[in-house]
Amino acid sequence: MLATVLHKPGDIRCEEIADPKILRPTDAIIKLSASCICGSDLWPYRGLQPVNAPQHMGHEYCGIVVEVGAEVRTVRPGQFVVGSFCLSDNTCPHCRFGFQSSCEQREFMSGAQAPYARVPLADGTLVATAEVPPAELVPDLLAVSDVLGTGWYAADAAEVREGSTVVVVGDGAVGLMGVLAAKEMGAARIIAMSRHESRQKLAREFGATDIVAERGEEGIARIKDLTGGVGADSVLECVGTGESFDQALACSRPGGTIGYVGVPHGVSFDGQKLFFGQKRMLGGPAPVRRFLPDLMDRVLQGRIKPGKVFDLKLPLAEVAEGYRAMDERRAIKVMLEV
Ligand SMILES: [Zn+2]
């Protein structure tokens, strides 16, 4: 089959590789209904994460099961499934505590920017729908697999609840999904920090009540202004830089909570600032598996349309253009037709 392989930073190709096959009795093989490019795929693409050997890219997926290993019990060929980018058994103590992304058997999904993919730990990872959903819901269900699940976790970790005042730092796909999540969780006020017009527009569509285009000290001052000098109950940190973390901490009220899902690069904390600031923090790789049944249900009911985050659709053969478009921020998120 033709699939996406990263050879070295900047060198992404759609090329012939062997079809995936069952390697362990707990595996499943799926035929993808669609795939996409993640912001985190840009780290190795940009050379900010080492590429030691050609990598099969792609960890966001949904599709039809075509084959299962001998020990797979909960999914069967013909079913439409969605899974998380973290593969988990869903039975170990961490999974049962709701932190499937720290599963004792955790692996990270790869190879999903392709027509077929192998999903290890299929029973614990995949959630099947009752029926094969209509094609128009595929982008929404694909978004659940990572980008919505991660934005949702940011809001959940930030303890967003009915009536909350929320600040979302970051207007990438995950930040926009964080806005949608905060809205669904009943936040009264959702302030999206964004400098880009197309992203501001989408943030409003997803439920943002205010937009703050300023950053740094000016941005913090605007948030203080908008919250009567108090700060936000919940802050979603969806970037992962030192500047964005400082902004998130400064926008949070004493006793407020920061949910952080941007993978930190060059971030450090001042212990005394945290101590006297009285800030709560929870983050990490999102335990998307915990949220999958609920989020899939919201999509199938037509309550939410997270697939709107895909603003560029390309055939798999043009995957290199997809990476370029996201790298140059010409596209928020690229969907790949496989
Ligand atoms: Zn587990």
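I started with helix H11, residues 319-327, which lies across S1 and S2. I looked up its direction too: H11 runs at about 160° to S2. A reminder to myself that this is a predicted model.

Next I checked what sheet those strands belong to. S2, S1 and S4 make an open three-stranded sheet, in the order S2-S1-S4, with antiparallel pairing. Which strands are at the edges? Strand S2 (11-16) and strand S4 (55-56) are, and each of them pairs on one side only.

I then went through the S1 to S4 pairing. S1 covers residues 2-8 and is joined to S4 in the antiparallel sense by two bridges. Picking out Val 5, I found His 56 in S4 as its bridge partner.

**Domains**

Domain 1 comes in two pieces, 2-148 + 286-337, while domain 2 is 151-283. I noted 26 Å between the two domain centres, taken over C-alpha atoms.

How many residues does each domain put into the contact? Domain 1 gives 14 residues and domain 2 gives 15 residues. On the domain 1 side, the elements with two or more residues in the contact are helix H4 (138-157) and helix H10 (288-300). I sorted that side by class and got 10 nonpolar, two polar and two charged residues.

**The six-stranded sheet**

Over to the other sheet. It is open, and I read the strand order as S13-S12-S11-S14-S15-S16, with parallel pairing. Strand S13 (210-212) and strand S16 (280-283) each have a single partner strand, so each is left with one side that has no neighbour in the sheet. I also wrote down the twist, which averages 20° from one strand to the next.

Strand S15, residues 252-260, runs parallel to S16, and four bridges join the two. One pair I jotted down is Thr 257 with its bridge partner Arg 280 in S16.

**H5 against H6**

Then I turned to helix pairs. Helix H5 (residues 173-184) and helix H6 (residues 197-206) have axes 8 Å apart and pack at about 20°. Why do I call them roughly parallel? Angles under 35 degrees count that way, so H5 and H6 are roughly parallel to each other. Their crossing is right-handed.

I listed who meets whom. From H5 I have Leu 176, Val 179, Leu 180 and Lys 183, and from H6 they meet Arg 199, Leu 202, Ala 203 and Phe 206. Sorted by class, this contact has six nonpolar and two charged residues, with no polar ones.

**H7 against H8**

Last pair in the notebook. The axes of helix H7 (residues 216-226) and helix H8 (residues 242-251) come within 10 Å and cross at roughly 25°. That crossing angle makes H7 roughly parallel to H8. I checked the handedness as well, and H7 passes H8 in a right-handed crossing.

Which residues of H7 and H8 meet here? Gly 216, Gly 219, Ile 220 and Ile 223 are on the H7 side, and Glu 243, Gln 247, Ala 250 and Cys 251 are on the H8 side. The class count I wrote next to this contact is four nonpolar, three polar and one charged.

Note on methods:
Residues are numbered from 1 along each chain as its sequence is written. This is a predicted model: local features need pLDDT of at least 70, side-chain atom pairs count only at pLDDT 80 or more; totals for chains, interfaces and linings use all residues. Axes are lines fitted to C-alpha atoms, for helices over the stretch in contact, and angles run from 0 to 180 degrees between N-to-C directions. Angles under 35 degrees count as roughly parallel, over 145 as roughly antiparallel, 65 to 115 as roughly perpendicular and the rest as oblique. A crossing is left-handed if the near helix is turned anticlockwise from the far one by less than a right angle, and right-handed if clockwise. Two residues are in contact if their C-beta atoms, placed from the backbone, lie within 7 Å. Ala, Val, Leu, Ile, Met, Phe, Trp, Tyr, Cys and Pro count as nonpolar, Asp, Glu, Lys and Arg as charged, and the others, Gly among them, as polar. Domain bounds come from an automatic or database domain assignment. Two strands pair if DSSP finds at least two bridges between them.
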